[in-house]
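User: I'm new to reading protein models. Could we go through this one together, term by term?
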Amino acid sequence: MKKDYEKQIRELCGKMTLEEKVGQLQQCGPSLVGAFEVSFEELLDMMFDGRISKEEFEKLMGTAEQDFHEEDLRAGKVGSYNGIGDAATINRLQKIAVEETRLGIPLLFGYDVIHGFRTVTPIPLAESCAWDQELWERTARVAAEEATAAGVHMTFAPMVDVAKDARWGRISEGAGEDVLLNSAYGVAKVKGFQGEDLAKENSMAACVKHLAAYGAAEAGRDYNRVDLSMQRLWEEYLPPYKACIDAGARAVMPAFNDINGVPCSVNAWLLRDILRRKWGFDGLVVSDSNAIAECVCHGIAEDKKDAARQAILAGIEMDMSSNSYTAHLRELIERGEVAESVLDEAVADVLRIKYELGLFEHPYQTNETREQNTMLKLEYRAVALEAAEKSIVLLKNEDRVLPLKPGTKLGIFGTLAADRGQMTGAWAIGARPEDCISIVDALEANNVHYQYSADGTDLSKIASMSDVLIAAIGETKEESGEAASRADITLKPKDMELVRALCATGKPVVAVLFNGRPLAIPELDQTVPAIVEAWHPGLYAGSAIMHVLYGITNPSGKLTTTFPASAGQCPMYYAHTNTGRPGGKSKFTSKYLDAPVEPLYPFGYGLSYTTYAYENLALEKDEDGLWVRVQVRNTGKRAGEEIVQCYVQMPCAKRVRPVRELKAFTKTALEPGETKQAELKIAYDSLGYYDWEMNWIPYEGNLKVFVGGNVRDTISAEVILGSMSSEMCE
Ligand code: NOJ
């Protein structure tokens, strides 16, 4: 049961000066000061625009020192830090807060623990391809064990931004394009991060982000505007945040973008009417980094003071890094532009999460010994390997090139085959390259007969001595994640040149892809007989890939994001509407002249070393939902796990509905020849939608139900739905 700290909060608040209250809302990161005369931001720009090289940048950074703003901390002007992830520093700063500030209020330490802390697991987009809530929760638990041992109290995760545009770099940080999957993924992560009791030393608060619809950034360009109908916002984008809040997430981060012209950071409708009143959220709202100040740039605030005023009134409680509240809140309150009660509410929410985390009772939740003993435990590493294996999606396997027979001699090509540091993907701050296993490392450790060439030199010689050639190609970790949108999502020319050269040798070629987004790879698909989508798999990249290549693991991952055939198709997603003229042979239909209308690989798709058949689909209505039962048979010679997917279509509704909507899924393990019945339930509540006037309409009439191993290859049945509960279920 949730403990009530309201009395303590009121008493403490009563003792605080205005400045101390504002201080609690201040979250800062360590700033860099050092032997360079430009600001850190300018230095970063210099590296990105090529004025200095990456090496020069790193050299300068090496000389920099960190400023932890200790004077401000002593004066009670800091409530929280972001981006500090080591027990010694955290305890040192905590000691100042507890022993040297007037009221001794402990600090809250936040950190981006996105897919593992030190034991880095696959990027979220990859892990979502496991369609496995239990696994998602376990990897989050591992992350929490390690991060809390390093002193972290709150993670800025999960990101549950539904992302339908492959150009958006942050598609790598979430569970793909589907609303149901993002909800299930988010809930599992919240449970895993927060554990059973937030006050336990190995639990950390989950800060769900980015409210809202950040993934709908126009043209897939990061931070771009979001212009969305209310219907689509409610049906396709908001449910995952709500699901996380219902699962108990204690913090929320509003998004950088505007929605229909109002930036989320100053959007009172979003942060007060929806989040607080409608959804009943009583946790903490933390801005995104510098997002309050950026409202000036958006063109909605006159200056930083105005931005601070609008943000606090809209409901942003903690200011991450923009210093807008510390600079202006006091004056805004003294001049009556913001009521002190608004500030008090925000302070109460900061104090509440600190109480809930047990920080008042145990401000020092870890120490260096626990930190050292916790990292990279064997059982954590086993989870990372399992997650990497389950995230891999086999996209193509013609002529049974895979699995490789024992003793196959391999020729390995491409820098990514040996680059440990690249295996972790975006947002793996605590990762160390030396912890990672590359493909070459894994082959070496297992005495596989292989020869390696990073750039294709010695190609002919290696090819003549090999049975199968492997091309490790795709994206670097810097090419996805924040501020890493791409307009051209094809493979780089040098990668395709390598592939063509490998194919010209006449040896079978297996492409292993590392990437943080779907890539448009029609040429690759036509050129090589086998494609393994490895994403950025984390610490055990090489081992997991080797296990899949050799069939030690039978791949079971399925795409949670559609692979377009060309960037021009973006946004490309399965849950589109039919239009009045669906793409077909005749000219006047919805299609392109120069690209197919179909994706390259559909949503839910992924091969295995065995095959499955779906039979005897039966539907049965009961009081609150529809039972979907289907027999799934393993028709091949190997044991495997199949992800059974259930989609619906509402062919005649008051607002047009998508051609398919995922409503349920399950994973089933099958021995060769074995048949099992998969049973799925679709709640009637999940079959509603919004009409033109934003009334929630329960679906009535003919419902088509599709079941299969991906959205394209399904069997179907129909059922007539009568009137059902018209309860709002957003
Ligand atoms: C900016 C990102 O948008 C957000 O996801 C992240 O948590 C913060 N920076 C803090 O690093």
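User: What makes the crossing of H1 and H16 left-handed or right-handed?

Analyst: H1 passes H16 in a right-handed crossing. A crossing is right-handed if the near helix is turned clockwise from the far one by less than a right angle, and left-handed if anticlockwise. A word on the source: this is a predicted model, where local features need pLDDT of at least 70 and side-chain atom pairs count only at pLDDT 80 or more, while totals for chains, interfaces and linings use all residues. Residues are numbered from 1 along each chain as its sequence is written, and side-chain values use heavy atoms, with hydrogens and water left out.

User: Why is H1 called oblique to H16?

Analyst: The angle between H1 (residues 6–15) and H16 (residues 340–356) is about 125 degrees, and their axes lie 10 Å apart. Under 35 degrees counts as roughly parallel, over 145 as roughly antiparallel, 65 to 115 as roughly perpendicular and the rest as oblique. H1 is therefore oblique to H16.

User: Which residues of H1 make the contact?

Analyst: On H1 they are Glu6, Gln8, Ile9, Leu12 and Cys13, and their partners on H16 include Val347 and Tyr355. Contact means heavy atoms within 4.5 Å.

User: How do you know that E19 and E20 pair?

Analyst: Two strands pair if DSSP finds at least two bridges between them. Eight bridges join E19 (residues 612–621) to E20 (residues 625–634), and the two run antiparallel. They form a hairpin with three residues between them.

User: Where does pLDDT stay under 50?

Analyst: Over residues 725–730. pLDDT is the predictor's confidence in each residue, from 0 to 100. The protein averages 96.

Key
Axes are lines fitted to C-alpha atoms, for helices over the stretch in contact, and angles run from 0 to 180 degrees between N-to-C directions. Helices (H or I, at least four residues) and strands (E, at least two) are DSSP runs, numbered from the N terminus.
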